[in-house]
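Student: I am new to this structure and would like to learn how to read it. Could you take me through some features one at a time?

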Amino acid sequence: MNKTLASITKLTSELRLKPLDYNVIIKDGLTPLESIEIFLKEQVKLKEARANELRLRLRRSFLPARKTIEDFDFGFQRSITKEQMLRLSDCAWIDDAYNVMFLGPPSVGKSHMATALGYTALDKGYNVSFVTLDDLIKELKTAEISSASKRKMSYYKKSHFIIITSNKGFSEWAGFLGDEVITTAILDRLVYKCEVFNISGDGYRLKHRKTIL
């Protein structure tokens, strides 16, 4: 690669543009402006393809309305800091096969933070799926039964990550799962590599309730 192409590759990376096959745009008989035009058209095509792929993954995710870390009221909820959430937003924990749990009473920000991390992961190219706790428990029970019979379950499947929000502590899970043995097995897999946030305080909606008078 000559110095010019090396410089173009470096500049393309710094501008966060997708690398191209330069043989497509470097052709005999083209003026410099025509080559630039071809380059930019190819970048537009790549951008449109990424946008279409993101829209498809968003539809498949079933995420609720978008929430962000920036619009969370950390002044009201002091059980977790903005710095902690920003560290999670780099999504390194996903590549390291960690889970994240937000535990605490209703309306303290659990769903907001989980949704914000879900959208962050989606924007970074990860596949995300939002499911209710009932559906998740069914999947976990099925996985546990399969694991017990076939021994094929792995702690380190990096293609999977879980963010859980719950208003019940671990000691209460056996009650709504209905089986203490399965509950112990599920929690063992979930918390083995997991960042757990125990969130306390008054509910945001109750504290900021609106009236008509």
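Student: Which residue follows α2, and is its phi positive or negative?

Tutor: A friendly place to begin, with one reminder: this is a predicted model. The residue after α2 is phenylalanine 62, and its phi is positive, near 60°.

Student: How many residues does α2 have, and how far does it reach from its first C-alpha to its last?

Tutor: Compare the span with what the residue count leads you to expect. Helix α2 has 30 residues and reaches 43 Å, close to the 44 Å expected at 1.5 Å a residue.

Student: Which residues of α2 are buried?

Tutor: Look for Ser35, Phe39, Gln43, Arg57 and Ser61, which are buried. Then see what lies against them: the buried residues of α2 pack against α1 (3-14) and α5.

Student: At what angle do the axes of α2 and α5 cross?

Tutor: The two axes cross at roughly 145° and come within 10 Å. As for the hand, the crossing of α2 and α5 is right-handed. On the α2 side, the contact is made by Leu54, Arg57 and Leu58, and on the α5 side by Tyr119, Leu122 and Asp123. Notice that Arg57 is also among the buried residues of α2.

Student: Now for charges. How many salt bridges does the structure hold?

Tutor: The general idea is that side chains of opposite charge can pair when their charged atoms come close. This structure holds 4 salt bridges. Let us visit some of them.

Student: Where do glutamate 37 and lysine 41 lie?

Tutor: Both are in helix α2 (residues 32-61), 4 residues apart, which is about one turn of the helix.

Student: What separates lysine 45 and glutamate 42 in α2?

Tutor: They are separated by about one helical turn, because they are 3 residues apart in the helix. Their side chains also form a salt bridge, at 3.7 Å from N to O. Here the surroundings need a careful look: lysine 45 is exposed, with a relative accessible area of 52%, whereas glutamate 42 is partly exposed at 23%. The cut-off matters for lysine 45, since exposed means over 50%.

Student: Which residue forms a salt bridge with arginine 66?

Tutor: That partner is aspartate 123, and the closest N and O atoms are 3.2 Å apart. Arginine 66 lies in the loop between α2 and α3 (82-88), while aspartate 123 is in helix α5 (residues 110-123), so this pair ties together parts 57 residues apart in sequence. Arginine 66 is partly exposed at 44%, and aspartate 123 is partly exposed at 42%.

Student: Let us turn to the sheet. What is the order of its strands?

Tutor: In general, strands of a sheet pair through backbone hydrogen bonds, either parallel or antiparallel. Here an open sheet of 3 strands has the order β2-β1-β3, with parallel pairing. Its edge strands, β2 (163-166) and β3 (194-198), each pair on one side only. On average, neighbouring strands are turned by 10° against each other, direction ignored.

Student: Over how many bridges do β1 and β2 pair?

Tutor: Strand β1 (residues 99-103) pairs with β2 over 4 bridges, in the parallel sense. To find your bearings, look at valine 100, which stands opposite isoleucine 163 in β2. Helix α5 packs on this sheet and touches β1 and β2, its direction making about 170° with that of β2.

Notes: Residues numbered from 1 in each chain as written. Predicted model: local features only at pLDDT ≥ 70, side-chain atom pairs only at ≥ 80, totals over all residues. Heavy atoms only, no water. Helix = DSSP H or I, 4+ residues; strand = E, 2+ residues; numbered from the N terminus. Buried < 20%, exposed > 50% of the residue type's maximum accessible area, 1.4 Å probe, protein only. Expected span 1.5 Å × (residues − 1). Contact = heavy atoms within 4.5 Å. Pairing = 2+ DSSP bridges. Axes fitted to C-alpha atoms, helices over the stretch in contact; angles between N-to-C directions. Left-handed = near helix turned anticlockwise from the far one by under 90°.
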